[in-house]
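The following exercises concern overall fold and chain contacts. Each task is followed by a solution in steps.

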Protein chains: 2
Amino acid sequence: MKKAISVGIIGLGTVGAGVFRILTKEKELIAHRLGVPLEIGLIADTNISRFKDVGIPQHLMTTDAKEVIQNPQIDIVLELIGGIEPARTFHLMAINHRKHLVTANKALLAEYGEEIFQAAHAQHVDMGFEASVGGGIPIIRVLKEGFSGERISAIFGIVNGTSNYILTQMSEEGRDFSEALKEAQRLGFAEANPQLDINGGDPAHKLAILAMLAYGTPVPLEKIYTEGIDRVTPIDITFAERLGYKIKLLAITKLSEGRLEARVHPTMIPKEEILAQVNGVFNAISIIGESVGESLFYGRGAGSMPTGSAVVSDLIDIARNIQQGVAVRAPHLAYLPETRTAIEIQPMEEIQSSYYLRFHVEDRPGVLSEIAGVLGQHHISIASVIQEGRRGALPSSSEKGVLLVMMTHQAREKDIQGALVIINGRDSVFEPTTLIRVEKIH
Amino acid sequence: MKKAISVGIIGLGTVGAGVFRILTKEKELIAHRLGVPLEIGLIADTNISRFKDVGIPQHLMTTDAKEVIQNPQIDIVLELIGGIEPARTFHLMAINHRKHLVTANKALLAEYGEEIFQAAHAQHVDMGFEASVGGGIPIIRVLKEGFSGERISAIFGIVNGTSNYILTQMSEEGRDFSEALKEAQRLGFAEANPQLDINGGDPAHKLAILAMLAYGTPVPLEKIYTEGIDRVTPIDITFAERLGYKIKLLAITKLSEGRLEARVHPTMIPKEEILAQVNGVFNAISIIGESVGESLFYGRGAGSMPTGSAVVSDLIDIARNIQQGVAVRAPHLAYLPETRTAIEIQPMEEIQSSYYLRFHVEDRPGVLSEIAGVLGQHHISIASVIQEGRRGALPSSSEKGVLLVMMTHQAREKDIQGALVIINGRDSVFEPTTLIRVEKIH
């Protein structure tokens with residue numbers, strides 16, 4: 001039994017500062033739960049000014065990450081610089097020095113997870129990555145331990161707080177996308193360069209990690225269909241509400257026809273669903289299990305202290321293993337490496353869903369019937385129709401024509417896309433048709 | 001490393017049958033995650049007919065629980081008979097035989113937890129009790145592991161599905177309490193004898209367990225203030241909705257003035273809160289942490305398969321320890337036994353809350369001012385008032401007078417109770433005033 005567990009931190013940004021604050025402020029509480037102090041051995045950051053902001057004593061500072069990795073006193077290396085390189089190099093180097101690793105780096109784990117977890121398995125070191133998905137929500141632990149006896153049917157996640165804040169603003173305040181984005185930036189909920197949040201890239205990283213854990217398969221990032229929120233308009237939010245739905249950016253994974261669906265896109269969900277009530281910067285992940293049925297985990301998905309708390313829970317978990325002289329008590333990716341098998345990713349055109357379609361068409365007799373005809377030829381059956389009168393809300397860019405909204409029954413994506421190519425080619429259709437997929441959460 | 005982990009089950013009721021089904025159906029999945037088969041060694045039940053219902057092979061059956069406990073092949077004893085005796089005796093006997101224990105028995109852990117966990121600590125055996133609170137929601141694991149670095153500010157739980165189903169029926173269908181209870185019984189959501197669900201006893205058991213884990217203190221069950229839902233009326237549900245609230249039976253614990261609040265009662269919460277959206281038989285537990293802020297865990301709180309799944313996760317957890325040759329990796333009750341300290345329970349009269357008060361009074365000038373005067377003398381400040389006109393909805397038992405509803409600002413319970421004794425004694429007040437406490441969830 002060690003008298004203290006020493007943590008070395010690489011990267012003292014927002015999350016690193018949160019970890020430092022929690023380890024300092026909750027020293028006694030943590031010792032009461034862990035039985036041994038968690039101490040910070042060394043912190044590396046290339047930006048010296050950050051040390052002053054957080055109030056780090058001189059003897060704990062270095063600008064060289066390798067000093068952290070090579071320090072024989074340090075038990076656990078905490079990588080918080082994010083991004084691919086040099087983070088990947090630091091991970092592999094730390095593993096080869098037989099350091100346990102904790103990280104919040106979703107991009108790295110989504111892109112190079114297979115390589116990193118193989119190395120960690122070979123060296124028999126622990127990996128903690130609770131902070132990589134859902135910030136303060138202990139969703140990694142739920143999948144690896146809480147639902148260890150559970151066959152997962154589906155996961156639906158609101159895992160990007162920026163997008164959810166923007167959609168909430170659009171829905172509650174009637175703002176359009178760019179106004180809501182500006183407001184999010186003003187409040188610090190969106191980066192100056194918000195691309196990865198807005199275009200679905202960040203939720204795709206998180207989905208890759210969740211799907212790997214749930215299904216015991218590698219999930220190649222490039223096979224995740226990804227669509228962001230930048231084309232969601234106030235008109236569609238209004239129609240969704242009239243139809244009894246909310247629009248949320250969902251990360252979705254489920255098994256269908258023996259293949260794995262993995263996709264991120266704006267989704268209409270019935271407004272009575274708990275997931276539809278998740279507003280602002282909050283995240284929530286619904287897991288549907290064959291035995292447990294529907295469950296949902298809700299909390300802050302980002303921020304210094306919530307994410308810092310998730311990191312600290314990983315440090316404590318690994319410290320408990322160190323004190324018992326064990327490592328990798330549960331497999332890194334929830335399944336034993338030798339039992340993981342590649343499940344084919346369902347190509348997007350093969351998925352089945354209900355669809356919301358908004359057409360902007362010429363206002364003359366016969367147009368509705370033409371569109372319905374094309375849909376019918378593509379085996380798409382219509383569940384309901386709203387036709388706006390001539391004074392209905394039109395896109396501001398246009399003043400001619402009328403809006404026609406249809407909800408379909410379950411249909412295949414390739415049939416929908418095929419029908420839309422034909423419909424959008426008609427002279428009576430004034431702009432590309434808007435499509436939003438519709439899901440029920442159970 | 002063992003070639004299989006053997007589980008002995010005592011009590012083959014609803015949950016036991018779920019565990020048997022999951023272990024049978026998901027044998028391969030569990031082996032892929034655990035690395036070793038989880039096998040059922042022996043099952044004890046005094047009611048032989050149950051074995052046939054579930055399809056248990058002859059060689060696994062016994063009517064004598066001691067055969068399970070004393071069987072040297074069995075690694076983990078699963079107690080699912082519930083209640084205090086003989087469950088308590090079986091627990092202590094199994095621990096003394098150095099068996100690890102898994103249970104769903106909230107009543108036993110709430111009443112005799114200190115004795116049982118001390119014995120388990122002394123014998124260094126693991127205890128799994130995920131199924132004791134919140135059915136399929138992995139809330140025990142969240143408190144012991146997910147939030148191991150988190151200082152808990154408060155917990156608000158909907159932890160009794162029967163009560164929540166009844167309140168939801170009353171709210172959505174306008175049923176009164178006894179009609180809703182009958183409907184719950186018809187659907188199998190309430191027992192023939194529903195007392196422990198209806199009177200708050202069951203949620204008090206669960207609250208004791210949650211508070212022990214969150215705060216590292218013993219929680220004497222008799223010190224938990226407990227009020228059930230049997231006095232909630234459709235009138236109060238209607239007023240709550242007009243005021244922007246939902247009424248839920250909440251189990252609440254928080255630190256205030258260095259003491260621990262632990263109480264179960266119908267509570268008005270703002271209808272925008274996620275917790276207010278939890279309907280039907282679902283459970284949800286909100287945990288407010290100093291670092292993570294608000295989080296919420298939602299799912300099925302009862303039933304054969306959800307609760308069975310929680311039990312299986314405990315079996316897997318302990319099996320992982322057995323395979324590594326360790327036990328009690330995390331302290332049984334989240335804190336090391338020697339660091340647990342008794343925190344005094346805040347007496348109910350000392351708590352502070354906002355209050356909803358519904359008076360049934362004589363319809364004459366001056367009554368409102370008299371009541372407001374008494375409240376003022378007791379330092380209770382009024383936030384809002386609704387006075388129903390003479391045709392307002394009156395309790396069916398009475399046709400005279402008017403209803404007067406007041407929402408107070410933060411006040412002390414003893415001041416409220418003191419004021420109500422005086423007010424209820426007035427001739428102008430026709431029936432005992434209804435009081436519902438009001439909480440914000442963050």
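The radius of gyration is taken over C-alpha atoms, and the globule rule is 2.2 Å times the number of residues to the power 0.38. This is a predicted model, in which local features need pLDDT of at least 70 and side-chain atom pairs count only at pLDDT 80 or more, while totals for chains, interfaces and linings use all residues. Residues are numbered from 1 along each chain as its sequence is written, and chains are lettered from A in the order in which they are written.

**Exercise 1.** Determine whether the radius of gyration of chain A agrees with that of a compact globule.

*Solution.* Step 1: for 442 residues, the rule gives a value near 22 Å. Step 2: chain A has 24 Å, which agrees. Step 3: the C-alpha trace of chain A spans about 80 × 45 × 35 Å along its principal axes.

**Exercise 2.** Identify the elements of chain A that give two or more residues to the side touching chain B.

*Solution.* Step 1: 51 residues of chain A are in contact (C-beta atoms, placed from the backbone, within 7 Å) with 51 residues of chain B. Step 3: H13(A) gives the most, with 10 residues.

**Exercise 3.** Describe how S12(A) pairs with S12 of chain B.

*Solution.* Step 1: pairing requires at least two bridges found by DSSP between two strands. Step 2: S12(A) and strand S12 (residues 293-300) of chain B pair in the antiparallel sense over 3 bridges. Step 3: A:Leu296 stands opposite B:Tyr298 in S12(B).

Key. Two residues are in contact if their C-beta atoms, placed from the backbone, lie within 7 Å. Helices (H or I, at least four residues) and strands (E, at least two) are DSSP runs, numbered from the N terminus.
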